[in-house]
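This report describes selected contacts and secondary-structure features of a single structure. The sequence and coordinates are shown below.

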Amino acid sequence: MYHLRFTVEDLARTRIASTVDPVAETLFAVELLARNGGGDEFAAWRERTHARLGQRGRSLVNLARVVRPVPDLLAMVEHPGACPDPTGKLAKAKRHNVLSAIHAFHKVAVAPYWARLRAQVEADTAARGRVILGGGIERFLEILHPTVQWSCPTLSIPSPRDQEVVLDGRGLVLVPSLFLADRPGVLIDTAGDGRPPTLAFPVPIDRSAAGGLWGTATAAESARPLGALVGRTRAAIIRTLTESCTTSELARRINISAAAASQHTAVLREAGLITTHRRLNTALHTLTPLGLALLNGFDAPDLCEALGSPPADNPVAVGV
């Protein structure tokens with residue numbers, strides 16, 4: 001078990017990340033495929049991903065059966081040469097080869113589903129935010145996962161390792177993840193670099209939601225029926241709100257006036273497709289689960305920018 005020790009300052013500094021990180025989510029997906037995890041809800045994703053993986057993607061999955069994608073491969077990506085390598089296996093796979101393989105895997109296994117995945121995470125985060133508003137951060141920790149235990153001041157997370165982590169006033173960043181699936185959580189301790197530790201926790205999905213996540217329509221194919229149903233501008237708003245944003249941000253992103261954006265969001269809110277949270281003079285709009293069910297577009301994240309390094313042009317082996 002991991003035992004995270006909180007102080008009053010840690011609880012005050014604990015926060016939920018509003019968006020999932022494409023690099024970490026890709027590595028969680030690699031690990032999920034390597035262990036054939038996720039159950040029936042991920043069966044269609046596993047089948048399609050296996051069928052589409054190239055040499056580099058398959059090599060990365062094989063590597064994930066030997067080392068831990070998170071934190072070992074994540075450490076290689078973020079801090080070259082700093083990740084633990086007790087078996088010497090990672091020494092045989094140069095960093096640029098691993099980056100290339102991550103890009104190849106991401107393109108097949110994560111990017112086609114990113115907009116829907118992100119909307120699902122946003123909806124779950126909004127629901128958990130209401131828990132915090134009603135019961136505070138301790139109530140949120142109590143219901144984080146059925147196998148995670150909160151007994152003030154300690155959060156205990158099932159793990160093969162038995163380790164105590166003293167937050168020491170740094171707080172904790174909670175990151176929702178879809179591809180963690182049937183795991184209770186993954187702790188990424190950042191001791192030594194001044195940042196608070198990160199705890200990734202799974203976003204639950206049922207079979208009906210999974211069916212919507214793993215659809216295969218192209219962006220152009222899916223945009224047409226959505227636009228015909230709600231209009232092109234409102235369809236653009238729904239696709240944009242896979243990431244929560246304010247009225248002015250929304251207007252800028254789809255190139256309409258703020259007044260027009262406000263009118264369209266009012267209609268979508270009345271239809272139950274978005275929610276709006278107001279603070280002072282700011283309105284923050286978020287897609288609802290119903291809006292997610294309607295959304296069929298794709299919006300792949302820029303993994304090159306997230307990784308800080310372009311993929312290799314030539315296929316290279318990453319196997320150990």
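Predicted model: local features only at pLDDT ≥ 70, side-chain atom pairs only at ≥ 80, totals over all residues.

Because Glu31 is part of helix α2 (residues 22–34) and Arg183 sits in the loop between β6 and β7 (186–188), the contact ties together parts that are 152 residues apart in sequence. Glu31 has a relative accessible area of 17% and is therefore buried, whereas Arg183, with 27%, is partly exposed.

## A salt bridge within helix α7

A search of the whole structure gives six salt bridges. One of them links Glu142 and Arg139, whose closest N and O atoms are 3.2 Å apart. These two residues are three positions apart in helix α7 (residues 114–142), which means that about one helical turn separates them. Glu142 is partly exposed at 42% relative accessibility, and Arg139 is partly exposed with a relative accessible area of 40%. Elsewhere, salt bridges that share partners join Glu31, Arg35, Asp182 and Arg183 into one network.

In general, side chains of opposite charge can pair when their charged atoms come close.

## Aromatic pairs

The structure contains nine aromatic pairs. Phe42 and Trp214 form one that is tilted, with 5.4 Å from centre to centre and 50 degrees between the planes. Phe42 is located in the loop between α2 and α3, and Trp214 in the loop between α8 (207–213) and α9 (219–230), so the pair ties together parts that are 172 residues apart in sequence. Phe42 is buried, with a relative accessible area of 3%, and Trp214 also counts as buried at 3% relative accessibility.

For Phe140 and Phe201, the ring centres are 6.1 Å apart and the planes lie at 80 degrees, so this pair is edge-to-face. Phe140 lies in helix α7 and Phe201 in strand β8 (residues 198–202), so the pair ties together parts that are 61 residues apart in sequence. Phe140 and Phe201 are both buried. A single aromatic cluster is formed by Phe42, Trp45, Tyr113, Phe179 and Trp214.

## The four-stranded sheet

Four strands make up an open sheet with the order β2-β6-β8-β7 and mixed pairing. Its edge strands are β2 (15–16) and β7, each of which pairs on one side only. Strands β6 and β8 run parallel and are joined by five bridges. Leu174 stands opposite Leu199, a residue of β8.

As a general point, strands of a sheet pair through backbone hydrogen bonds, either parallel or antiparallel.

How many of the 10 residues of helix α4 are buried? In this helix (residues 55–64) the count is seven, so α4 is largely enclosed by the rest of the structure. The buried residues of α4 are Arg56, Gly57, Ser59, Leu60, Val61, Leu63 and Ala64.

Thr240 is part of helix α10 (residues 232–240). With a relative accessibility of 16%, Thr240 lies below the 20% limit and therefore counts as buried. Leaving aside residues up to four places away in sequence, Thr240 touches Cys245, Leu250, Arg253 and Ile254.

## An exposed loop residue

Asp168 is placed in the loop between β5 (163–166) and β6 (173–177). Is Asp168 buried or exposed? Its relative accessible area is 63%, so Asp168 is exposed. The C-alpha atom of Asp168 is separated by 7.2 Å from that of Asp10, although the two residues are 158 residues apart along the chain.

Methods. Residues numbered from 1 in each chain as written. Heavy atoms only, no water. Buried < 20%, exposed > 50% of the residue type's maximum accessible area, 1.4 Å probe, protein only. Contact = heavy atoms within 4.5 Å. Salt bridge = Lys/Arg side-chain N within 4 Å of Asp/Glu carboxyl O. Phe/Tyr/Trp six-rings, centres within 6.5 Å; stacked < 30°, edge-to-face > 60°. Pairing = 2+ DSSP bridges.
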